[in-house]
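Morning, everyone. I have one structure to show, and I will keep it short.

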Amino acid sequence: MAVQERGTSAASGTAPDLRPDLRLAPDLERDPGLGRRVRAIIARTDRPAVTGLITLLAATGFVLARWDEWSRRSISRFILIGQNFAHPAQLPAGMPLRAAYGYDGQFYYRLAINPLNFSHTAYGITMDAAYRFMRVGYPVITWLVSFGQRSLVPYMLVAVNVAAIGALGYLGAILARQGGRHAAWGLLLPGYFGLVTSLSRDTAEPVAAAFLVAGLLAVRARRPALAAGLLAFAALTRETAMVAVAAIAIVRVTGLVRRRSGPGREDLAWFLPAAVFAAWQVIVYAFIGTFPLDADGGRNAGAPFIATFEAVKSNLSHIDLASYNAVDVWLAELAVLLVFAIAALCSLRTSRAPVHERLALVLFLIEICVVTPSTWNSLSADLRSFVEVYLMAVIVLLGRPRQPLRRPGAWLLPAATLGLLPVLDGVVRLRLHWA
């Protein structure tokens, strides 16, 4: 996808300071030769392709390490099929099973074998809820790259997520360069700890995130048809992507009302994803007799803030100062997510991110505050369901004008990054040895 990497901000109409920050430490200044080499390295790595490649290699290395350390060289173990939903006689011989319920990856595996099979039980797995059928984007891509071969599906589920995380690194670098920063700042986008868990368990967040960010970049580039296709696929992968579509719609419709003008080609970016999402709901209803969004709302939504406060209260009461346990990990992850969210909220007025992206951050924050305890109380998911809040916070922060650290607010992005790194490292180490 060709998008403008640097240029005038659509949100402010002013050109950002795009000069790379190549200030060197005093010892480098005293050695001009070394300084020139450092400047050359910085300049040569200031490319989205480099950042994307680094991310791709990191994701691949993690998968290989987990495959060797945890899964005992069985890629099928990533799926985490639970005995309660499995019919062993219909599964491939030797497919690993886990006790009780397993994890969400088993339902993506089942759909990836045949995305258009709407039977309650098929290919050895029974669906637990109707809303699984609307999250078809990740299974469709996996089915395509598997060429319909069932034996390839476990491998391709992992490969597609690795590619999606690599794409996030590339897209993040484009966003960083548009904000006047070095492309390496784009590593923040795929650096969310919840994506590590998604990669470990074959869930859809990396694919949904990549299509969502690509769609937002296409909107920035004023390519509404491309944006519409990307955002529609993001919504068919994770329905929460419709929050970003709603933000685009609100900004566009408000502008049309103020100008008293009619809709135009730019409105494709929100209208087409909404239409595709609604059409898929109708298609699924025609086969299973239930609107999947209704099933999702009953299971994953509730009274605002209640689940949030209850989860925080419960986990704070179980802090173990003697060891770093699952509760401690959850609280550390929540703290990092809050730091990014609060830093981004403090940057809403100064960020050059388009208005609809800043609005999307606010709407995603509202969205996670109305989900039920089934999402908030999970101690093993690493807050993967809240990935959009993190993504939008990073996008808003990358849109801040680059300033010396002594200036007010200039420290927000570096400080948030420093808080993220140890938590991310802990989750990576945890997933190398535990399910």
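Predicted model: local features only at pLDDT ≥ 70, side-chain atom pairs only at ≥ 80, totals over all residues.

The protein chain has 18 helices and 4 strands. Along the principal axes, its C-alpha atoms fill a box of roughly 70 × 60 × 45 Å.

How does the radius of gyration compare with that of a compact globule? For 435 residues, a compact globule would come out near 22 Å, and the protein chain has 22 Å, so the two agree. Buried residues account for 51% of the 435 residues. Taking contacts with a separation of 6 or more, 71% are between residues 24 or more positions apart. The accessible surface is about 19,500 Å², and carbon and sulfur atoms hold 64% of that.

Now the helix. Helix α5 covers residues 137-145, and T142 is found there. Is T142 buried or exposed? Its relative accessibility is 0%, and the cut-off for buried is under 20%, so T142 counts as buried. Leaving out residues up to four places away in sequence, T142 touches A112, V153, M156, L157 and V160.

P139 sits in helix α5 as well. P139 also has a relative accessible area of 0%, and is therefore buried. With the same exclusion of sequence neighbours up to four places away, P139 touches Y108, L111, A112 and P115.

Rolling a probe the size of a water molecule over the atoms shows where empty space is left. How many cavities of 30 Å³ or more does the structure hold? The count is 1. The largest cavity contains about 30 Å³ of space.

Which residues line the largest cavity? They are E205, A208, A209, L212, R238, A241, V387, E388 and L391. Two helices, α8 at 205-220 and α17 at 387-398, each supply at least two residues of that lining. The largest share comes from α8, with 4 residues. By class, the lining has 6 nonpolar residues, 3 charged residues and no polar ones.

To recap: the radius of gyration agrees with the compact globule value, T142 is buried, P139 is buried, and α8 gives the largest share of the lining of the largest cavity. That is all from me.

Methods:
Residues numbered from 1 in each chain as written. Heavy atoms only, no water. 1 Å grid on protein atoms, 1.4 Å probe; cavity = no way out; pocket = protein on both sides within 12 Å on 5 of 7 lines; lining within 4 Å. Points joined across faces, edges and corners; volume = space filled by probe spheres on them. Nonpolar A, V, L, I, M, F, W, Y, C, P; charged D, E, K, R; others polar. Rg over C-alpha atoms; globule rule 2.2 N^0.38 Å. Buried < 20%, exposed > 50% of the residue type's maximum accessible area, 1.4 Å probe, protein only. Contact = heavy atoms within 4.5 Å. Areas by Shrake-Rupley, 256 points an atom, 1.4 Å probe, with all protein chains shown as cover.
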